[in-house]
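Here's a quick briefing to read alongside the model. Have the viewer open and follow along.

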Amino acid sequence: MAGNKIMEIGKTEKYLRNKVEAQGAILLSLIDPDKCALEKGAGIAKQSYEAGADVILVGGSIGAQGEILDQTVKMIKESVSVPVVLFPGNIGGLSAYADATYFMQMLNSRDVYWLSTAQIQAAPVVARMKIEAIPTTYLVVEPGRAVGWIGNANLIPRDRADLAAACALSARYSGAHLVVTDCGSGAPEHASVEMIGAVKKACGKELLYFVAGGVKTPDAAAKVIKAGADGIHVGTAFEAENALPKMRQMVEAVKKEGKKRV
């Protein structure tokens, strides 16, 4: 197999890894165009950026596709100077205006569509759009909420850190570059600190690990980073009016805890 090359790490992934190495941890602000489109979404992204967010994610489980996605991404790109990365809910969640996309496999879905068919359909589109693909294993944890329902997930029980770790180890052995555990948008609480620690241990130094869903306060953000995560996704907590003070507090909490690792 001498002629084959291992997939190279792209510009955006290098940025993620360099940020994590320099700061210890990062915060990724998630904009869902189905709930916060166009000017509203761009406004939240700009405030997040001004508060110190390291990345703007764009995506959602339903409705985040087509013209509303493209226009929202374009407006966000005009408002921030950090990478804009897609967090697609399906193959329709791709936009040529983004810097990169999580190229995701929902490893604990019961449906082969989310394990391989969607990726096969999406791959030529990503190549044609010339956006960077970040190989990502996606794990849905209880309660799962909308993404668990849409993805027909075999939800990882909150009290089974060992199952989440086994999934992360599978991702590592299968060539993923990033693991995301998600309790679902608007979940009442984030994954347990025991689960976060176990998943990060399984990921090792090779894989980045981000926690999504239920991270709503600076204290929660600090706990998640202290437990081992390389970064957090924050969406719902930033959608309220006058959220800028909370954005700054959560960024500060992530950076403060992250510095202890550097």
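Let's start with one lysine: leaving aside neighbours within four places in sequence, Lys 246 is in contact with Lys 216, Ala 237 and Phe 238. Keep in mind that this is a predicted model.

**Around Lys 246**
- Lys 246 sits in helix 9, which runs over residues 244–259.
- Its relative accessible area is 32%, so Lys 246 counts as partly exposed, a class that lies between the under 20% of buried residues and the over 50% of exposed ones.

**Around Thr 137**
- Thr 137 belongs to strand 5, residues 132–140.
- With a relative accessible area of 5%, Thr 137 is buried, because the cut-off for that is under 20%.
- Not counting residues up to four places away in sequence, Thr 137 touches Gln 105 and Leu 107, then Ala 171 and Ala 176, and finally Leu 178, Val 179 and Val 180.

**Nonpolar cores**
- The largest nonpolar core holds 64 residues, and the members touching the most others are Leu 27, Ile 56, Ile 76 and Ile 232.
- Ile 232 touches Ile 26, Leu 27 and Leu 28, plus Val 211, Val 215, Ala 221, Val 224, Ile 225 and Val 254, once residues up to four places away in sequence are set aside.
- Another core, of 24 residues, lies apart from that one; Tyr 138, Val 147, Leu 208 and Phe 210 are among its members.

**The chain as a whole**
- You'll find 9 helices and 8 strands in the chain.
- Its radius of gyration is 17 Å, which agrees with the value near 18 Å that a compact globule of 262 residues would have.
- Along the principal axes, the C-alpha atoms fill a box of roughly 50 × 40 × 35 Å.
- Of the contacts with a separation of 6 or more, 75% come from residues 24 or more positions apart.

**Burial, surface and charge**
- Buried residues account for 52% of the 262 in the chain.
- The chain exposes about 12100 Å², with carbon and sulfur atoms supplying 54% of that area.
- There are 30 positive and 27 negative charges, and their mean positions lie 5 Å apart.

Note on methods:
Residues numbered from 1 in each chain as written. Predicted model: local features only at pLDDT ≥ 70, side-chain atom pairs only at ≥ 80, totals over all residues. Heavy atoms only, no water. Helix = DSSP H or I, 4+ residues; strand = E, 2+ residues; numbered from the N terminus. Rg over C-alpha atoms; globule rule 2.2 N^0.38 Å. Buried < 20%, exposed > 50% of the residue type's maximum accessible area, 1.4 Å probe, protein only. Contact = heavy atoms within 4.5 Å. Areas by Shrake-Rupley, 256 points an atom, 1.4 Å probe, with all protein chains shown as cover. Lys, Arg positive; Asp, Glu negative; His and termini not counted. Charge placed at Lys NZ, Arg CZ, Asp CG, Glu CD. Core = buried A, V, L, I, M, F, W, Y, C linked by side-chain atoms within 4.5 Å.
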